[in-house]
Structure formats: structure tokens, C-alpha cells
Amino acid sequence: MSGTGSSRGELVVIGNGMVGHRLVQAVRDRDAEGRWRITVLGEEPRPAYDRVALSSYVDGVSAADLTLPDLDPMVELHLGDPAVALDLDAHRVRTASGREVGYDELVLATGSVPFVPPVPGRDLPGCFVYRTIDDLDAITAAAERAMAAPGPGRRSAVVVGGGLLGLEAARALRSLGLSPQVVEIAPRLMPVQVDEGGGALLRRLVESEDLAVRCGVSVTGIAQDRGRLVATLSDGVELDADVVVFSAGIRPADALARAVGLPMGERGGVLVDNRCRTSDEHIWAIGEVAALEGRTYGLVAPGYAMAEVVADRILGGAATMTPAELDMSTQLKMLGVDVASFGDAQAATPGALEVVVNDPVAGTYAKLVVSDDARTLLGGVLVGDAARYATLRPLVGLSLPADPVAMIAPGGVEVGADALPDSAQICSCNAVTKGAIGGAIAAGAHDVPALKACTRAGTSCGSCVPVLKKLLAQAGVEQSTVLCEHFVHSRAELFEIVAGSGIATFSELVARHGTGRGCDICKPAVASILASLGFGHVLAGEQATLQDTNDHFLANLQRNGTYSVIPRIPGGEITPEGLITIGEVAREFGLYTKITGGQRIDMFGARVEQLPAIWRRLVDAGFESGHAYGKALRTVKSCVGTTWCRYGQQDSVGLAVALELRYRGLRAPHKIKSGISGCARECAEARSKDFGVIATENGWNLYVGGNGGFTPRHAELLASDLDTDTLIRVIDRFLMFYVRTADRLQRTAPWIEALEGGLDHLRAVIVDDSLGICADLEAAMDAHVGSYADEWRGVLEDEEKLGRFVSFVNAPETPDPTITFVTERGQPVPAREPVAIGLPAVRS
Amino acid sequence: MTATVQRVRWETVCPLDRLQPERGVAALLDGVQVALFRTHDGAVHAIGNVDPFSGAAVLSRGIVGDRGGVPTVASPIYKQAFSLLTGCCLDDPAKAVPVYPVRVTDGRLQVGLP
């Protein structure tokens, strides 16, 4: 069936890798009426994961982190049960477990299998391929055995193949403690992507990263020798190894189709036409298993494009592939070396000219391939510095906007986004053109996250994000960082002005650098800046007039005009006496109590004039402000860690208490939450926090940029196995850098995303100190820690500040008559019904 | 044209210096809740204290500023701005709060009630 009928069709997808997953998502996204019931048969025992990021698994990124988004319940997923036979006449698939599944349409997305050259000894224990998480688990186990084995000398590994995957494998083996040797049969590394000159520089740069490279030789045999392996090379050299990894290329996993006689491509792969359809009109093939008009593609972007075409076709559309437009461009960082390759990188086009700028001193190599009339860009190679990749790649096939030498020379012409025509593909991973991005900007997508959400541009490899920013700027929406009508500055710029000028009041700041008298946007932003820079109590002098009501009354406003009160409970650890005090206070003042998600206790229903008496009791019992009302550090949540837990690896409560006490009172562009887990079971949900810490056997892993809320994010790994002192220093720098440079109300996740270079840039700044500001950031945090004082104690000790806490200026003790309560489940709650929120468009 | 004589009863609320510039206070006058403000230029304003969007008596606790030169207070509940001159909501013309006459006599703030 074509899918246009009214009854439901059965769509069976064989293969659950990235491309198969994308196909199912694409069908589900568009099949609003649920016309297709989808069954997925996967060989691996786990749900689809990001194979492109596979190597990060050895750096501590877990299998769960790599997992792709869950498929919806309309999809029946069978894992660990590969298809083993097709019956074209009966339209049925049989799996290894004997399951029989009928199909109306069948998609082959089985991907590829590693190519292992037929050398003697390739099946010996200690020999592996590099394709799946299970492969990496096996390699890790073998490396650990080798490291633990008695005997002197370094433990080593041989990697067969010096392409993209081989270098990834070598890096992973080095991370596991082995000394890897890479053996590549071609005369240079990454022979598909880079040319001779680029390959020579790449080799020099990776050798300086402690990687041994042997090019132009092959492995002729592997043998066992006294518990280890010996690999013999074609030049007679013998290499000792504890582990051998084959990463010498891939072959299409086309056995199923081959067995039933579907036509194959010359070099394997199921032959498909430009619709991705095989010779059987109900069978499609996509990704690495497909031979599109005879040619196979080993990158994920062409696979995604095929998935989109087949999804469209199955739902009755008429999409086709244009193989000539498939982008084989690559940009990556390999062992710290930037490598990019795009278009006709090898200058295979007849008459093509090559323009090369090679600077062995700086360690950069750049080549542009241009047409014989030197007018059209055909491709290029960049090694050592790939910053220009994002603007050069979209120019492939177009006329050169400048002299090609100047375009790659140091200090030469920076090609701007304005030089690109609307048809230029800005995001090659998701095939998004400049025209589509311009349309999205015109339709109201005014920042990078909005563009990502509505066009998918920049959501895969992220290399085009700088161009997205330039296009936003070019469209005149760069003033989105302008705070409000009173300041043309961004929050970060105002921070610099206040920090550098000594201006201490809002009045002076707005008089000298702004217009008018401010508003509910710029005033709290400036209040936060003043607080971050240590200008005294938030209610001191004019500062009191800048505060949002929550900061002004040091409590959280609720819908009926009452406030809620949260005392600080560091790390969620509280004594019975503390619990009794909170209980007594709540009972005495008639407050509703609820446990928060941050391991604290919230007391609701306090009237303004009650707040000082409530806090007098709390402060006398040793409690401090919890800053639940502020854009500030909230809580550091923890599990019980080694204190109680059988599985704990570190003292998570002790660390949580120490960090909460260290950063309490720190005002920031938005609230900051943290969590500390004592082991990888992650009971404190640290990865949903702005900064989360998870204990390891050797110390602590630090994750940053997580949050719950409207757009939940998982925090990403910033640094591994830190000792406690180093951990605290890195967090100090992280928080201060965020406080200084983020936009107003920008949480850590979008802040990191907006940094040019993202998490890698953040790591360079705060771990490697690439900007030389770490000492300054640490000093600023030390100053904050040294000057901390409890805000509520500051109010109770000052009559002038206490005078603010009255219901009415002419009747200070009279309760607001609009506030009334009813009892629900034994506690007081607002009597008034909630107002339906049909709000007008209000500035955010 | 008919002249309307506005009959108001002046209620003394508090000393003027009880009002910090650009920070409001609430007053309860014969059961009526009034929000009082003193702007940066020294002018004083009185509007109804009940936020028409939420029903909570909180406008005195909003942030004072200006929009295009018009002095405003932003409701602390959902952040709509109200003109201190007219009581009109600048984000939703359908909503407004009352405006009360206000004067300073012998350093004391007085509000005129109908």
C-alpha cells in the first residue's frame, strides 16, 4: 500500500542505528493520523545511540548519555533480535529468535560491518573491531587486564588503519593507558579526507601527542607470544601489543538482501534508485547499507538525507536524492588537531587548481581547490586551524568572493556570511540553506536556540553555529542582547562597565550610560550586578529600589500576595532540632508546609508583616536565608554517599555542604542549582543541575549546563577524576565566568551554547586558562566567600530595613483584608480561586 | 461646558519622607487599598493597590520606572506595567486601576478619596 488508504499499514525497519532511528522519527513526526504501525528490529541489545560520539564513551560519557531520544509508543522496538531472513513473496521478516513479522513496506537500515583484512591471527583473543558500545566494553576490559598484569614495560596497542576511525580508536586506547601504534597502508593518515601536505602536518601534530604512526605498511600477521600479541608488518617490523584494534574501513551489512537476490552495487551495498528504493517496490535501503545509484556513503549526513526521502515517500510524497549534492564534508578535532575537508578535497576534477598556504611553524595547513579558470571553489583541506571551515564550505560550487590565497592566508580576507547566496547550505548535517535560515529569522527566530529549534540547523555537529550568529547579526537582530529601552548594553557589558568604572548606584549608571528611569528588566539586572560585585546588603540605600519584590522582602511572592519562606538546609542535611524549629514556626504562624525538590522545606502563606518575626525565630535557631527568592545559588542537593550508602564512593554530603556554604548568597544572571552524587547511580540527579558532581573511584566528575524546567537539559561532562581542591577551583571559575558574561535570565545551558566554541571553549577558558583570567575569577570568588553575610540577619539588625516589612504604611500591623485561607488536607491554602492566566503579550 | 466640582476628602497617610524614591508603600484608607509612589523627580502618585490580573493587593510592591518617559509600576505578579499618571495598563488597554489625587501638606502625604 502507498499509505494513502484508510487502513493501517505495517512498516518494518531492520536496523536501529542513527539512520534507522532518524527514519522512524521522521515518519512519526509527519504521520499525524497514525497511518503506519512501525516495528523496529535491532541487532544490538540497547536502544539507538550516537555512534559518531562513540569514542567519548571511554572518557566517562555513559551509554545512557549517548542514547538517542526515545521513540514514541506507536513504535514497537525489538532489541537484540536481528533479522535473519526475508521472504519477498510473503512480505515477511524472520528474526534470530524465530519472530515472524509481516510488512507492507520494509526499510533496510542495517548499516555496515567493520572490514577486517584477512591476515592470519585476526581472530586471536586481544583482537577487536571498533564499532559498537559492546566493542568498547570489550576493549576497555582487555586494556584493564593488560594494565593489571604483572611485569615491567609499557602496555601497548596496535591500531590497523589510520583513517578517521583508526585515529579515534588510537585516542581511546591512549585514554585507557596503552601506548598505541597506528599502522596505515596508505602513505598518509586520513587518506580519504586530506591530501599529502595536510597528511604530513597531521602526522607531525598527532606524533607530538604521543602517538606512534607507521604509514605505507600493512599488517601481515598476528601471533601469540608469552601472553601478549605480536603484529608483523609488511616491512618485517614486529610490534608487541596487548590489544589489536582493526579499524581499516567498513563494508555494507547487506547479507539479508544479498541472500534473496536483490541487486547489489559493484562494491557491495543494496542497489537503490534516487528514491532509495531497491528493485523490490516495497523494500527501501538507507544509510551505509544502501548503494545509492551504485555508490555507498559512510557518513551520517547522507544517511539522514536518505531517511528523510524514504519517510516522505512512504507517506505518499515525491522526494528524491540528488547524489551530486550529497555533502561529504568533514570537520573534527582529532587528538587536539583540527581537521576539515570539504568538496573536492583531492582535486579530482579535471583541470582543478590547488592553492596552498602551508605554515609548518604555526602548525597550520590550508588548501583550496578551484576550477581551471580560478573562479569557482571546488573544495579544500584545513589542518591545524579549521576556523574558516564554516564559511568556506557553503561556498563550494559558487564563484569565489575574493582572491583564494587571501581567503586562507593568516590575516587575509574573512569571508562573511553576506557573500553566500540563499541556496548555499549553511548546515550540511541537516541540509539547511541560508534562505531557510533567513526565512526563520524573518518569522521571529531571533537567537541561536530558536533557529536550532525551528530549522534543525546547528543541532548535529554545531560547526555552523558561528555562521548562524553572523546571519542573525546581518538580519539586524544582533541587538537582541540589548537589555531594554533604558540601556543599549547587554548584561555582560553593563557588568564590565560597573566593574571597571566604580559606578556604585543605578542612578549614576542610568544617567551616564542609559536613558530614563529604568524598569523591571534593567533594575533587577543591575541589582544582581551590584550584588555580584559585593556592593553590600541588597536592601542598602538605593539598591532596595532596584529589587524585584522577592528580593525586596527576601521571600517568594505567591499568587494571593503572601510569601513563602525557605531557610537554607545545606546539602539537605538537617538535625531533628532544626526540623522541630521549622515545624514549630509553621504551626505558630499558620503556614502551609511542603518539601521542595531541592531537599529543603518551604513554608507558605506568610504576610509581609509576619516575615521579620518568622525569621527572628529561624535565625535564633541557627538558620540562614536560603536565597530561594533570588537569582542566586539555590541548593546543592546530595545523596548520602559514603556516610551511609553501601555503594557510595565519596562523601557526597560533606562536599554538598561545603559547596553550598561556599557559594551561598552568590547572585547570578539566573538561579543556580547543584547536585552531588556519591556514585554513578546518580541519586542526587546531579546531571539535571547547572553544575553537578558525580563521585568516581578516583575523585569527582564535574558536569555543567543542566537544568529542569521548561527546556530540560542534561549537564555535560566538563572534567573527570578531579581531586576535591581542583574541583572547587574549577567550579569557582565556572560560576564567576558565568556571573560575569551571561545575559540576563540566561541559565548556564543556553549560556554555554551561545559561547562561540561551546563547551570546548568553556573548558579552554576555565580549565586550561586560555584567556589568562582564571586567577582573576578565583580572586573574585574568594572575595565573595570572604564577604558573605546572612541577608536576613542583616535585616533583623537594622531598624530602617525592618521598617519596610509592614502591611500598610498607616496601619503597619493590620493584615491585608484580601488575604483569606481555607483548609485543604489539613493545611491552609489561598481561599481565592486561581485566576485563569490569559495574559497579554508582556515583554520577557 | 459644565464644570464638575470634584469633592474629595483628604486623608493624611504618613510623612512624605516615609516614601523612598521609586519604592512604593501600601495604605489602607476606609477599607480602600492604595499604592503610593514617589518618583525620582519628587512627584507623588497614588493608584489602586489591587492588581486587576491576579486580584492580589500588591501593586505597591512592584518596580517603579518609566516606559517612554511615562512613570510606571510593574505588577510583581505577572509584570504588566501600569501608568502612575492614568492607572492604565500599558500592556493591556482593557485593564486599568483607579488613580487618586494626592498632595503634600506640611511634609505630610495626603490622599483624596471620593
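This is a predicted model: local features need pLDDT of at least 70, side-chain atom pairs count only at pLDDT 80 or more; totals for chains, interfaces and linings use all residues.
View 1. Chain A holds 27 helices and 38 strands, and of its 844 residues 46% are buried. Where contacts in chain A link residues at least 6 apart in sequence, 62% of them join residues at least 24 apart.

**View 2. The contact between chain A and chain B.** Chain A contributes 28 residues to this contact, and chain B contributes 34 residues. On the side of chain A that touches chain B, the helices α16 (543-546) and α17 (549-553) each supply at least two residues. Sorted by class, that side of chain A comprises 10 nonpolar, 11 polar and seven charged residues.

**View 3. Packing of helix α10 against helix α11 in chain A.** Helix α10, which spans residues 434-442 of chain A, packs on helix α11, residues 448-455 of chain A, at an angle of about 115° and with the two axes 10 Å apart; the crossing of α10(A) and α11(A) is right-handed. From α10(A) the residues Ala436(A), Ile437(A) and Ala440(A) take part, and they meet Leu451(A), Cys454(A) and Thr455(A) of α11(A). By class, the contact of α10(A) with α11(A) has five nonpolar residues and one polar residue, with no charged residues.

**View 4. The buried and exposed sides of helix α14 in chain A.** In helix α14, which covers residues 506-513 of chain A, Phe506(A), Leu509(A) and Val510(A) are buried. Seen down the axis of α14(A), the buried residues fall within an arc of 90°, and so they line one face of the helix. On the other side of α14(A) stand Ala511(A) and Arg512(A), both of which are exposed. The cover over the buried residues of α14(A) includes the chain A helices α13 (491-501), α15 (522-532) and α16; helix α16 of chain A also supplies at least two residues of the side that touches chain B.

**View 5. The hairpin of strands β13 and β14 in chain A.** Strand β13, residues 219-225 of chain A, runs antiparallel to strand β14, residues 228-233 of chain A, and six bridges join them. Within this pairing, Gln224(A) has Leu229(A) in β14(A) as its bridge partner. Two residues lie between the strands of the hairpin, where Arg226(A) takes a positive phi near 50°.

View 6. Most residues other than glycine have a negative phi.

**View 7. An open sheet of four strands in chain B.** The strands of this sheet follow the order β2-β3-β4-β8, and their pairing is antiparallel. At the edges stand β2 (25-29) and β8 (99-100) of chain B, each of which has a single partner strand, so that one side of each is left without a neighbour in the sheet. Strand β4, residues 44-48 of chain B, runs antiparallel to β8(B) and is joined to it by two bridges, and in this pair Ala46(B) stands opposite Tyr100(B) of β8(B).

**View 8. Strand β10 of chain B and its pairings with β1(B) and β9(B).** Strand β10 comprises residues 108-113 of chain B and pairs with β1(B) in the antiparallel sense over six bridges. Strand β9, residues 102-105 of chain B, pairs with β10(B) over four bridges, again in the antiparallel sense. Val111(B) of β10(B) takes part in both pairings, as the bridge partner of Glu11(B) and as the residue opposite Val102(B). In the hairpin of β9(B) and β10(B), two residues lie between the strands, and Asp106(B) takes a positive phi near 50°.

Terms used:
Residues are numbered from 1 along each chain as its sequence is written. Chains are lettered from A and ligands numbered from 1 in the order in which they are written. A residue is buried if 20 or more other C-beta atoms lie within 10 Å of its own, exposed if 12 or fewer, and partly exposed in between; C-beta atoms are placed from the backbone. Two residues are in contact if their C-beta atoms, placed from the backbone, lie within 7 Å. Ala, Val, Leu, Ile, Met, Phe, Trp, Tyr, Cys and Pro count as nonpolar, Asp, Glu, Lys and Arg as charged, and the others, Gly among them, as polar. Axes are lines fitted to C-alpha atoms, for helices over the stretch in contact, and angles run from 0 to 180 degrees between N-to-C directions. A crossing is left-handed if the near helix is turned anticlockwise from the far one by less than a right angle, and right-handed if clockwise. Two strands pair if DSSP finds at least two bridges between them. The arc is that of the directions from the helix axis to the C-beta atoms.
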